[in-house]
Amino acid sequence: MEFEMERFISALFDRSPPHAVEHLQLVLIPLTTAFIIAFPTAVLLTRRRFIKYTDRVMTFFNMGQTIPPLAVIAIFFPFLGLGRTPALFALTIYALLPIARNTLAGLKGVPQDVKEAARGMGMSEWEMLFKVEIPLSMPVVMAGVKISVVLTSGTAALGALVGGGGMGAVIFAGIDFFRAELIIAGTLIIGVIAIVLDRLLTVIDNILTPPHMKT
Amino acid sequence: MIKLDKVDKVFPGTTVPAVDQVSFQVDEGNICVFVGPSGCGKTTILRMINRLVEPTGGDIYIKGQKVSDKGVNPDYLRREIGYVIQQIGLMPHRTIEQNVALVPRLLKWPEDKIKPRVKHLLEMVGLEPDEVAQKYPHQLSGGMMQRVGVARALAADPPIMLMDEPFGAVDPIVRGRLQDEFLRLQKEMKKTICFVTHDINEAIKMGDHIVIMNKGRLVQHGTPMEILSNPADEFVKDLIGSDREIKLLELTRSEEIVEHTDEIPEVVNKKDCFIQAIDPVQRALETMMKKDSDLVGVRDGESFIGTISWEDIKKHINRISGDQA
């Protein structure tokens, strides 16, 4: 395989940008959806009434991550067909577990004495959740979101295989036509997307992290 | 003020009751200390009073009102009861000010009432409001955190306080100081207090009334003097220790044996030989030796209330050993 600088630059700046936008959507939409599903679910699973379902639900989330996204698409092919929708769906399922797992871990990690005192002061369960438990578990929750972001950024490249678009389209074109420039440009941009999103989340994380936990 | 009537607690999955048929009563304005080895059920009793634990049998009354009544919301009940625990449990993500203001905010006090209240409370527990109010708990020492814990429990001026080894997490010197300061505060506040400790010395020092627990049962209750001079059984004797007579001197407050007079004897004044009413009798002895006097003056705060003589102390010791015989 040969490498031409001119082609590389063209691949990077002419061919990639529209795919990069698609790729960003393939990351952000599943991530947001996964958060909206996984976070409240995990919070519920730490409530006394629902604690007995924790294992079952977590097994489901675990499965979501062990089954490769391509297999998920294959399983749901009869219902969802090909294209963007199944890609988004598969990526969402893939992103659930780290968020759910870290939310559980974060909530369980809230010091027992703080909860005991909060309850003893007369905080209701809701007040405890929103004023004590969620704020104190934020750093761990955000760590989970970051794992999901990095994971989804990479996996989203597979979306192109089912016509879902994204940077995968550039990479697979490179593989098909034996063009190193395309492969490298595609990979590079995925990397940049992952890093930029991670930094962005770090900023949010910093805002949400309680002052005493900041390093 | 607080009444327990044959209260039982069997925790799920166990057969041995953690609290077994316990009945007693705490009078208004008194400190009642629960003392006993770990696992004796003292903390469980405390947690049943504010319904952090629900009893499996018996009834608990506060001011004649049954706490387990359907109309009583446990969250609202707890807002009316100060609660201090050994681990303190300050909200690590909130400033000291926000921590102390927790219950007033839950009770939806107007903000302009909360600020001065927090300032007053911090001063009351011996902290400098300007210095600590905006700090976070991890920036304070253990002793300071304990003080904040007490201030937080007092914030909404609850008539009742539950304190679970409130001074347990600090070193003995700081503990002694916190105990003294708290007793001084209590003189003005006159709260009804349930206080849990495993330390019999602390129990005797803090308690108007002591409840001794063992294996979920109430073994003996009475004033510190009653318990020291007349232990109910071997368990109580062991708990008190072999230095019972000395302890009595160490732990009898001077005010209990003071001879009340209004006139300050000249010898006391000349040698500047004074102690405080809540000081132990042992302090009276020390002062006598240091100042080479056989009479000490006793003050309650600034005001003179009477004297203790060497004879008074001897009589006191004799009375105790007489009880013993």
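Residues are numbered from 1 along each chain as its sequence is written, while chains are lettered from A in the order in which they are written. Because the model is predicted, local features need pLDDT of at least 70 and side-chain atom pairs count only at pLDDT 80 or more, whereas totals for chains, interfaces and linings use all residues.

Chain B contains 15 helices and 14 strands, these being DSSP runs numbered from the N terminus (H or I, at least four residues, for helices; E, at least two, for strands). Its radius of gyration, 21 Å, is close to the 20 Å that the globule rule gives for 325 residues, so chain B is as compact as a globular protein of that length; the radius is taken over C-alpha atoms, and the rule is 2.2 Å times the number of residues to the power 0.38.

Six strands of chain B form an open sheet with mixed pairing, in the order β6-β7-β8-β3-β9-β10, where two strands pair if DSSP finds at least two bridges between them. The edges of the sheet are β6 (81-85) and β10 (217-222) of chain B, each of which pairs on one side only. Within chain B, strands β3 (residues 31-35) and β9 (residues 209-214) run parallel and are joined by four bridges, and V33(B) stands opposite I210(B) in β9(B).

Between the chains, 16 residues of chain A are in contact with 19 residues of chain B (C-beta atoms, placed from the backbone, within 7 Å). On the side of chain A that touches chain B, α5(A) provides the largest share, six residues.

Note on methods. Two residues are in contact if their C-beta atoms, placed from the backbone, lie within 7 Å.
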